[in-house]
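Subject: Structure handover and findings

Hello,

Here is the structure I promised to pass on. Please open it alongside these notes.

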Amino acid sequence: MDWKQALKSRLAASTDRECAAKRSDQELKDEEMELFTKYYLEWKGGRKNDNAPYMNIPRFYYRNLWFLLDKHQTLPMMGDEALINYESFLKVGEKAGSKCKQFFTAKVFAKLLHNDPYGRISIMQFFNYVMRKVWLYQTRIGLSLYDVAGQGYLRESDLENYILELIPTLPQLDGLEKSFYSFYVCTAVRKFFFFLDPLRTGKIKIQDILACSFLDDLLELRDEELSKESQETNWFSAPSALRVYGQYLNLDKDHNGMLSKEELSRYGTGTLTNIFLDRVFQECLTYDGEMDYKTYLDFVLALENRKEPAALQYIFKLLDIENKGYLNVFSLNYFFRAIQEQMKIHGQEPVSFQDVKDEIFDMVKPKDPYKISLQDLINSSQGDTVTSILIDLNGFWTYENREVLVASDNDNTTELDDT
C-alpha cells in the first residue's frame, strides 16, 4: 500500500470514530493535515529535513492542491511516479482557485517537462515546485519586514535582528544559553556577508539571500530530528557555532577577547606560515594589532571553503603583495620561501621553487603565461590546492605526498574489502 492509500484508509477509519465522538470540523482538518504531512514525508524517503522550511505553509496548499493533482493524474504511471498531462494540468488549475493560478502556466509546465513519451510532468516535482515558490514568497515577506530602508537590501544589523528573532523558532537551538545568542548571531550573519557581500558594501540583496542555500541550512534547524551528521556539516547548527567560538577562545591565551598574530599562528594544525599571517594582519581589520571575533570568522570561512570564489578572493588579496591584481613569479616565490624555511626547521629537504612554480602554472593554465589572476584561479578549479601550497606547510606536504596518500587509502580500502 502506498502512502496515498494509507492516508485514505486512515481517514476513512477515523471518520467512523468521529461519528461516535462528534469531533469538531477543525479537529478533523487538523488530523487530516497531520496524516498528510506524515505520509508525504515518509513517501519522500523519510527526508524530513528537506521539507522542514515548508512546514509553515498554509494547509490549503498541502491538502487541496495535492489531492486535486492526485485525482487528475494521467495514466499510465512510470513506476511509482504519478504524472499529469497538460490538459489535466489546466483543469486542476481551474479548480485550485485564484491563489494557485500563477503556477498553472504553460511556462511552468514546459520547465518541468522532461522525457515522458506522453508529454506529461511529474506530479511530485510540480508539487515541490509550488511548495518551494510559496515558501520563498513567505520568506521574502518575512525578510522585507527587516528592510528598514525599504530598498530590497538588508544591512548587517537588519539580518542580525532577523536571526535573533528566529532563534526561538528553531528547536535545534533550544539548548543555546541566552548569553551565547550574540555570538551565535554574529557567527550566522558572517557567513551571509562573507559570501554574498564580496565588495564589503555592508548590505545584501534580499533576492540574493533567497537564491543561495544558506537560508535553507538555517531553517533546517526547525527539524527536531536532524541527524548528528547534518548538524556537524551545517555552519548554523549549535554544535558548529560552539565549535568555532570554542576554537577562538582556545586560541585567546591571554583572555583579552582578541587574537594576536602569535595566538592565531596556532590555528588548525599550526602550520600556516609567518609570512601569510603577517599579510592577514596587514590587510584585515584589527584593533591595536589584534583580531576580533568577527574578523576571525572571515578568516575561518575563507580557510574552510578554499574552493569557493569568495574564499579565493579573500586569500588572493593577501597573496597579491604588490596589489597588482595578479600573482607573478616574484609573489609566488615570496610566499613559498616561507614554506621552504619551515621544511628546514622540521628537518625536511626543501623542494625547489622552480619545480613548484612550474606545477602551479601547469595547474592553473592562466591566460597570460606569466601572471595568475583571481579569475584564472577560480576557472582552474585548483585554487584550493594552489593556495594551500603557498600558505600552509601541512597543505604543501599533503600535495607533495598526494600519490602516497592515495595509495595508502587504496590499501586500506582493499583490507576492508578482504575482511
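Below is what was found in it, by topic.

First, the ground rules. This is a predicted model, in which local features need pLDDT of at least 70, side-chain atom pairs count only at pLDDT 80 or more, and totals for chains, interfaces and linings use all residues. Residues are numbered from 1 along each chain as its sequence is written, and side-chain values use heavy atoms, with hydrogens and water left out.

Helix and strand names follow DSSP runs, numbered from the N terminus (helices: H or I, at least four residues; strands: E, at least two). Buried means under 20% relative accessible area, exposed over 50%, and partly exposed in between, with a 1.4 Å probe and protein chains only.

Helix α19

Start with α19, residues 353-364. The helix has 12 residues and reaches 16 Å from its first C-alpha to its last. That is close to the 16 Å expected at 1.5 Å a residue; the expected span is 1.5 Å times one less than the number of residues.

Its buried residues are F353, V356, K357, I360, F361, M363 and V364. They cover an arc of only 160° around the axis, so they sit on the same side of α19. The arc is taken from the directions from the helix axis to the C-beta atoms. These buried residues pack against α18 (329-345), β6 (372-373), α20 (374-380), α21 (383-391) and α22 (393-400). Contact here means heavy atoms within 4.5 Å.

Both ends deserve a look. At the N-terminal end, S352 is the cap: a side-chain oxygen lies 3.2 Å from the backbone nitrogen of Q354. After the helix comes K365, with a positive phi near 50°.

Aromatic pairs

Rings of Phe, Tyr and Trp (its six-membered ring) pair if their centres lie within 6.5 Å; planes under 30 degrees apart are stacked, over 60 edge-to-face, the rest tilted. The count comes to 29 aromatic pairs. One of them is Y245 with Y293, which is edge-to-face at 5.2 Å centre to centre and 85° between the planes. Y245 lies in α13 (residues 238-251) and Y293 in α16 (residues 293-304), so the pair ties together parts that are 48 residues apart in sequence. Y245 and Y293 are buried.

Y293 also pairs with Y296: the centres are 6.4 Å apart and the planes at 25°, so this pair is stacked. Y293 and Y296 are three residues apart in α16, which means about one helical turn between them. Y296 is buried, as is Y293.

How far does the aromatic cluster go, and which residues form it? One cluster takes in F180, F183, Y245, Y248, Y267, Y293, Y296 and F299.

Charges over rings

A charge sits over a ring if NZ of Lys or CZ of Arg is within 6 Å of the ring centre and within 35 degrees of the ring normal. K203 lies over the face of Y153, 4.5 Å from the ring centre. The charged end of R402 sits over the ring of Y399, at 4.0 Å from its centre.

Y153 turns up again in the surroundings of D158. D158 touches Y146, V148 and Y153, leaving out residues up to four places away in sequence. D158 lies in α8 (residues 156-166) and is buried, at 3% relative accessible area.

Backbone exceptions

Most residues other than glycine have a negative phi, and most peptide bonds are trans. The peptide bond from L75 to P76 is cis, with omega near 0°. P76 is in the loop between α4 (59-71) and β1 (83-84).

H255 has a positive phi of about 55° without being a glycine. H255 lies in the loop between α13 and α14 (261-264) and is exposed, at 68% relative accessibility. N323, also not a glycine, has a positive phi near 55°. N323 is in the loop between α17 (309-319) and β5 (326-327), and is exposed at 69%.

Two more positions

Q282 is in α15 (residues 274-283) and is exposed, with a relative accessible area of 53%. Its C-alpha is 8.6 Å from that of L318, 36 residues apart along the chain.

A96 is in α5 (residues 86-96) and is buried, at 7%. A96 and L69 are 27 residues apart in sequence, with C-alpha atoms 9.3 Å apart.

Best regards

Key. A polar contact is a pair of N or O atoms within 3.5 Å; within protein, one must be able to donate a hydrogen and the other to accept it, and residues adjacent in sequence count only if both atoms are side-chain atoms.
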